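Here are a few notes from a friendly read through the model. Please have the coordinates open as you go.

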Amino acid sequence: IRLFGSDQAGQLARIADVLAQCKMTILNLLVTTGFGDRDTYEFLERAGGPMSENVISVAAFDRAAFDEELFRREVTQAAREVGYGVTSIILDLRASRAQEREALADYYLQRKAVIKEFFAISGDF
């Protein structure tokens, strides 16, 4: 799971609650904060920046009972509610390497769009 948007208190707590409701466990979590580059709209990692990117590796407690559609819907909705502008969920289940690369490229393009929009609304960070 990749989440990107403005950094707000309580975001990850809400996502963790949704993961628990979906019977998922967090295997690894990488949290970064930073700024957008005005020229390239790339995310620049810096402590204390107004934007955050979170990469969460998860696993289902019971793969046989895993409901992919419900999982995607619940995580995406919760992410939107807590201020993430981009949500990407890439599963190892059926995706080929080409599909994974395409999904990741799409995530990065969406991230750039959010940074560009942030500049249009907020001006400089």
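**Notes on the model**

1. Let's start with a loop: K23 sits in the one between helix 1 and strand 2. Helices here are DSSP runs of H or I with at least four residues, strands are E runs with at least two, and both are numbered from the N terminus. K23 counts as exposed because its relative accessibility is 56%; buried means under 20% relative accessible area, exposed over 50%, and partly exposed in between, using a 1.4 Å probe and protein chains only.

2. Before going on, a word on the source. This is a predicted model, in which local features need pLDDT of at least 70 and side-chain atom pairs count only at pLDDT 80 or more, while totals for chains, interfaces and linings use all residues. Residues are numbered from 1 along each chain as its sequence is written, and side-chain values use heavy atoms, with hydrogens and water left out.

3. Y41 also deserves a look: this residue is not a glycine, yet has a positive phi of about 60 degrees. Y41 belongs to the loop between strand 2 and strand 3 (43-45), and counts as partly exposed because its relative accessibility is 25%.

4. Which residues of helix 1 are buried? In helix 1 (residues 11-21), they are Q11, I15, V18 and L19. Seen down the helix axis, these buried residues fall within an arc of 100 degrees, so they line one face of helix 1; the arc is that of the directions from the axis to the C-beta atoms. An α-helix has 3.6 residues a turn, so residues three or four places apart point the same way.

5. The buried residues of helix 1 pack against strand 1 (2-6), strand 2, strand 4 (51-60), helix 2 (68-81) and strand 5 (84-88), where contact means heavy atoms within 4.5 Å.

6. Helix 1 and helix 2 pack at an angle of about 165 degrees, with axes 9 Å apart. The contact involves R14, I15, V18 and L19 of helix 1, and F71, E74, V75, A78, A79 and E81 of helix 2. Axes are lines fitted to C-alpha atoms, for helices over the stretch in contact, and angles run from 0 to 180 degrees between N-to-C directions.

7. Finally, T33 is placed in strand 2 (residues 24-36) and is buried, at a relative accessible area of 19%. Among the residues that T33 touches are D7, F43, G48 and S52.
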